[in-house]
Amino acid sequence: MRLAPRALCRAAQAAWRENFLLRGRDVARWFPGHMAKGLKKMKSSLKLVDCIIEVHDARIPLSGRNPLFQETLGLKPHLLVLNKMDLADLTEQQKIMQRLEGEGLKNVIFTNCLKDENVKQIIPMVTELIGSSPRYHRGEVSERPLMFLLDTPGVLAPRIESVETGLKLALCGTVLDHLVGEETMADYLLFTLNRHQRFGYVQHYGLGSACDNIERVLKSVAVKLGKTQKVKVLTGTGDVNVIQPDYPAAARDFLHTFRRGLLGPVMLDLDVLRGHPTAETVP
């Protein structure tokens, strides 16, 4: 989804924010406590497997991956499956692959599980990886079925390394929205879309032009969707009910629309590829 050429030219020349400032938020509290238990259980389960299949979001191929898998690299065959490729802008796919290979990951598959794209490549690749590697539990190898999958719940790293990584994980639905704040997430999404010149939101919501002010965007979204709320305002003659745009509802719709791919494919890790972090926490 793109703007008309003339509008796109104006949008591309606009002065967007260079940095995203997140005030007074403790990223550490975004990590749910129960995940520490899940991490410990997962680590013990790794002893029983011959090959590790790590599934991660293709929109953040470099951010937020669990360091537990990094510890096992070189010890056991490891396949990284980057799912939701249909939601990711893969223009820089070659650079992503080179970056991952530099981190020791040579076996990577981009998939779209909903449409079964590339999914059938996984079992043959796993079979090949195990067949060409030392077998650690020969006496316990599965025969019926020939391949047994040990599934584990998705867990985050116990420490989110930066506020930007935390925001990306939140946009992809890995961190609960309310822990970060839906309007904060919507603002970071708007910031990212504009910096990457992905203006599909303008067409989707019928806005007049691209905008870098989240309050204005959410107000327009709320009006378009008919999302309003009554707010009591104290006046000299008493309380008065005033109809205002429902900003939280608009923020939720903005996020859900992005996650469904209706704003077009997006690569959230462009800043990592280019070595330019853009988000920071300020007091």
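The protein chain has 283 residues. Its secondary structure comprises twelve helices and seven strands. Mean pLDDT for the chain is 84. A value of 70 or more is reached by 81% of the residues. Helix α1, covering residues 5–13, has the lowest mean pLDDT, at 51. Helix α11 has the highest, at 97. Where pLDDT is low, the predicted coordinates should not be read in detail.

Buried residues account for 45% of the chain. The accessible surface of the chain is about 15900 Å². Carbon and sulfur atoms hold 53% of that surface.

The interior was examined next. In soluble globular proteins, nonpolar side chains tend to be buried together. The largest nonpolar core of this model contains 43 residues. Within this core, L171, Y201 and F254 touch the most other members. Seven elements are listed here with their residue ranges: β1 (20–23), α6 (163–171), α7 (177–180), α8 (182–195), α9 (200–205), α10 (214–225) and α11 (247–259). Each supplies at least two residues of the core. Helix α8 gives the most, with seven residues. The contacts of F254 illustrate the packing. Residues up to four places away in sequence aside, F254 touches A186, L189, L190, L193, Y201, Y205, I214 and L263. Another core, of 14 residues, lies apart from the largest one. Its members include L82, L105, F110 and M267.

T111 is found in the loop between β4 (108–110) and α5 (122–131). T111 has a relative accessible area of 0%, under the 20% cut-off, and therefore counts as buried. Leaving out residues up to four places away in sequence, T111 touches V81, L82, N83, K84, M85, E117, N118, V119 and I122.

L150 lies in the loop between α5 and α6. The relative accessibility of L150 is 40%, between the cut-offs of 20% and 50%, so L150 counts as partly exposed. On the surface, L150 forms a nonpolar patch with L48 and F148. Together, these three residues have about 340 Å² of accessible area.

Notes: Residues are numbered from 1 along each chain as its sequence is written. This is a predicted model: local features need pLDDT of at least 70, side-chain atom pairs count only at pLDDT 80 or more; totals for chains, interfaces and linings use all residues. Side-chain values use heavy atoms; hydrogens and water are left out. A nonpolar core is a set of buried Ala, Val, Leu, Ile, Met, Phe, Trp, Tyr and Cys residues joined through side-chain atoms within 4.5 Å. Buried means under 20% relative accessible area, exposed over 50%, partly exposed in between (1.4 Å probe, protein chains only). Helices (H or I, at least four residues) and strands (E, at least two) are DSSP runs, numbered from the N terminus. Contact means heavy atoms within 4.5 Å. pLDDT is the predictor's confidence in each residue, from 0 to 100. Accessible areas come from the Shrake-Rupley method with a 1.4 Å probe; for residues, only the protein chains shown count as cover. Patches are made of residues with over 30% relative accessible area and no salt bridge: like charges are joined within 9 Å, nonpolar side chains (Val, Leu, Ile, Met, Phe, Trp, Tyr) within 5 Å. A salt bridge is a side-chain nitrogen of Lys or Arg within 4 Å of a carboxyl oxygen of Asp or Glu.
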